[in-house]
Each structure stands twice: as C-alpha cells, then as structure tokens.
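The entries follow in the order in which I made them.

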Amino acid sequence: METSDAGASETSKKRDGDRPDRRTQAVDRITAREAIRVLLGIEAASFLLAATIHAGVLVGGYEHSEAMIAESVIGTVLVAGLAATWLRPRSTFTVAAGVQTFALLGTLVGLWTIIVGVGPRTVPDVVYHVVIVIVLAVGIRTAWRNRGTNAF
C-alpha cells in the first residue's frame, strides 16, 4: 500500500510540476518598465497621502505645514515622472532614476530635520522615512540598471 501511495504522490507532484503556478506566470509577465511605473505610482501616492496627513485632512494631531509642502512637492514630481514614462517610453528608466533621486534627496532632508528636531518626530514619521528611503533606493537601482535597455 505504501508504494501505491508514494506513486500517487509522485504522480500528483509531477502534474503540479508540469503546470506553472498562476502567480509565477503573472510575475513573469511584468516588465521592468511596468515595475518602475508601479513603484513610481506607489511612491507618489505615499507622499501625497503623507501630505494630507500633515495637512490634518485625514488624521488630526500630525499637522506640520513644512512637511506637508515638501511631501506635496515630492509627490507631484513623482506623478510628473510617472506621466513622463508614458509620454516618452524610451526615457522611462532615466526619468524614473531622476525623479526618484529627487525624492530620495528630499526624504533625506526630511530625515535630517527629524534628527535635528525641526521636523515632526513621531514614530510614524520616522518609520515612514526609513521605509520610503528603502523603496526609493530599490527604485533607483532598478531604473539605473535598466537604463539604455529596451526592456518592454
């Protein structure tokens, strides 16, 4: 009986192995250009969301006008960069590297203001800055590595 169970297991393993997982197929179809656009969209949305929080629109108690202005500018630049990837698809990776570098520099200024005590010093602000620095660095690296390619 053990051998037939083992054989059945091997048969089902073989069948599963022949058919790729649907999630794997979907990931295989995402191009570098699409990945960059998704990253730019997520980054832009997160900065604009942070701006609305610092404006006091979504959550009270985190108002900070300077942070709101900086995050609005960075979010707008990222949205403009995202739009440029559709207007000039051949420049996608160069544009993405540029706007994300701008966003990273602005975020590092924000981190500096937190460190010196000028900017908001809440736990959510610190966590957001650390996470977005990592996301921006990954985006810049991805864009930089794909510059000059025809990765469609």
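**Core.** I looked up the largest nonpolar core of this predicted model and found 21 residues in it. A nonpolar core here is a set of buried Ala, Val, Leu, Ile, Met, Phe, Trp, Tyr and Cys residues joined through side-chain atoms within 4.5 Å. Buried means under 20% relative accessible area, exposed over 50%, and partly exposed in between (1.4 Å probe, protein chains only). The residues with the most contacts inside the core are Ile36, Leu40, Phe47, Leu78, Ala103 and Leu136. At least two residues of this core come from each of α3 (32–54), α4 (65–87), α5 (92–116) and α6 (123–146). Helices (H or I, at least four residues) and strands (E, at least two) are DSSP runs, numbered from the N terminus.

Residues are numbered from 1 along each chain as its sequence is written, and side-chain values use heavy atoms, with hydrogens and water left out.

**Ile36.** What does Ile36 touch, leaving aside its neighbours within four places in sequence? I found Thr92, Phe93, Ala96, Gly139, Thr142 and Ala143 in contact with Ile36, contact being heavy atoms within 4.5 Å.

**Whole chain.** I counted 6 helices and 0 strands. Of the 152 residues, 31% count as buried. Among contacts with a separation of 6 or more, 72% are between residues 24 or more positions apart.

**Rings.** How many aromatic pairs does a search of the whole structure find? The search gave 1. Rings of Phe, Tyr and Trp (its six-membered ring) pair if their centres lie within 6.5 Å; planes under 30 degrees apart count as stacked, over 60 as edge-to-face and the rest as tilted. The pair is Phe47 with Tyr128, edge-to-face, at 5.8 Å centre to centre and 85° between the planes. Phe47 is in helix α3 and Tyr128 in helix α6, 81 residues apart, and the pair thus links distant parts of the chain. Both Phe47 and Tyr128 are buried.

I also checked Trp144 and found the charged end of Arg147 over its ring, 3.5 Å from the centre. The criterion is NZ of Lys or CZ of Arg within 6 Å of the ring centre and within 35 degrees of the ring normal.

**α4 against α5.** I looked up the axes of α4 and α5: they come within 9 Å and cross at roughly 175°. The two helices therefore count as roughly antiparallel. Angles under 35 degrees count as roughly parallel, over 145 as roughly antiparallel, 65 to 115 as roughly perpendicular and the rest as oblique. Axes are lines fitted to C-alpha atoms, for helices over the stretch in contact, and angles run from 0 to 180 degrees between N-to-C directions. On the α4 side the contact includes Val73, Ile74 and Leu78, and on the α5 side Thr92, Val99 and Ala103.

**Single residues.** Val73, in helix α4, is partly exposed because its relative accessibility is 41%. Val73 and Leu48 are 25 residues apart in sequence and 8.7 Å apart in space, C-alpha to C-alpha.

Is Leu58 buried or exposed? Leu58 counts as exposed because its relative accessibility is 51%. I placed Leu58 in the loop between α3 and α4. Leaving aside neighbours within four places in sequence, Leu58 is in contact with Leu49, Thr52 and Ile53.

Key
This is a predicted model: local features need pLDDT of at least 70, side-chain atom pairs count only at pLDDT 80 or more; totals for chains, interfaces and linings use all residues.
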